Amino acid sequence: MSEQPKPDSPVAAKVFPSPNHGERLGADGTPRRPDMLVLHYTGMPDAGDALQRLCNPAAEVSAHYFVFENGRVLQLVPEGRRAWHAGRASWAGERDINSASIGIEIANPGHQGGLPPYPAAQIAAVIALSRDIVSRWAIPADRVLGHSDVAPERKLDPGELFPWEELNRAGIGHFVRPAPVRGGRFLSPGESGQPVEALQAMLAMYGYDIALTGSYDEATTAVVAAFQRHFRPERIDGIADASTITTLRDLIASRPAATVIL
């Protein structure tokens, strides 16, 4: 009788293997270490169905870890392998997010299911798992991201109810207190000019995949909404008000100097 594999993280209860993975390679074709952590919600009504989909070869999706509502954690893919969780995505010039990252799927029906709050036991497990992963792989705080950050035009997860600030208090991820939502000057869809290009440049500096067109187009709206969903969830409208711009400025100013993108 063969010995059951042990999870890479002690937070995981067991290995529930998915066949959906490949080699983790850099742009030069050589093996690479993960230096990002990407968090998702499953977006399906039933956690068991979501788990089975992540392990179904026909679905061609997977993640390294799966966290149930009650906090139970399973490992699906070895951390040294490339799981198929991010799809078409980009961050800070990296376009193969799957090779660059470790992915955690969190059981939650998502926006289509009414986006119920994440249970406390589940978040405690996500925090424990994330802390272990970022510690062992030395993942920078500003490279702990949501799926919506790396794929803002396609994805909304883990959503505006995910407690990023709570993770930050536990030493995981980059976060600043959002600037209060007030009135004043703002940039919105349809505008163009140097102020819009400056906004795009700030978003790109932080890591978002956005072209410096000077036009507040649909792509810019999607990126601003993704930023708000993660860092200023009080109002998610894709409009760059003073609160959004100030919060973005404060994030750029407070990030570790070694990871600032020039």
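This is a predicted model: local features need pLDDT of at least 70, side-chain atom pairs count only at pLDDT 80 or more; totals for chains, interfaces and linings use all residues.
Biologist: Helices, then. How are two packed helices described?

Modeller: By the angle between their axes and the distance between the axes. Axes are lines fitted to C-alpha atoms, for helices over the stretch in contact, and angles run from 0 to 180 degrees between N-to-C directions. Helices (H or I, at least four residues) and strands (E, at least two) are DSSP runs, numbered from the N terminus.

Biologist: At what angle do α6 and α8 pack?

Modeller: About 40 degrees, with the axes of α6 (residues 194–206) and α8 (residues 242–254) 10 Å apart. That makes α6 oblique to α8. Angles under 35 degrees count as roughly parallel, over 145 as roughly antiparallel, 65 to 115 as roughly perpendicular and the rest as oblique.

Biologist: Which residues make the contact of α6 and α8?

Modeller: On α6 they are Leu199, Met202, Leu203, Met205 and Tyr206, and on α8 they are Ile245, Leu248, Arg249, Leu251 and Ile252. Contact means heavy atoms within 4.5 Å. The residues of this contact of α6 with α8 divide into 9 nonpolar, no polar and 1 charged. Ala, Val, Leu, Ile, Met, Phe, Trp, Tyr, Cys and Pro count as nonpolar, Asp, Glu, Lys and Arg as charged, and the others, Gly among them, as polar.

Biologist: And where do α6 and α7 touch?

Modeller: At Leu199, Gln200, Leu203 and Tyr206 of α6 and Thr220, Val223, Val224, Phe227 and Phe231 of α7. The residues of the contact of α6 with α7 divide into 7 nonpolar, 2 polar and no charged. The axes of α6 and α7 (residues 218–231) come within 11 Å and cross at roughly 55 degrees.

Biologist: Changing topic: how many salt bridges are there in the whole structure?

Modeller: A search finds 13. A salt bridge is a side-chain nitrogen of Lys or Arg within 4 Å of a carboxyl oxygen of Asp or Glu.

Biologist: Which residues are linked in a network of them?

Modeller: Arg32, Asp35, Glu94 and Arg143. Asp35 meets Arg32 at 3.1 Å, N to O, and Asp35 meets Arg143 at 3.0 Å, N to O.

Biologist: Is Arg143 buried or exposed?

Modeller: Arg143 counts as buried, at 14% relative accessibility. Buried means under 20% relative accessible area, exposed over 50%, partly exposed in between (1.4 Å probe, protein chains only). Asp35 is partly exposed at 24%, and Arg32 is partly exposed at 22%.

Biologist: What about Asp142 and Arg255?

Modeller: Their side chains meet in a salt bridge of 2.9 Å, N to O. Asp142 lies in the loop between α3 and β8 and Arg255 in the segment after α8, so the pair ties together parts 113 residues apart in sequence. Both Asp142 and Arg255 are buried.

Biologist: Last one. Where does Trp91 lie?

Modeller: In the loop between β6 (82–83) and α2 (97–100). Trp91 is buried, with a relative accessible area of 1%. Leaving aside neighbours within four places in sequence, the contacts of Trp91 include Asp142, Arg143 and Tyr206.

Methods: Residues are numbered from 1 along each chain as its sequence is written. Side-chain values use heavy atoms; hydrogens and water are left out.
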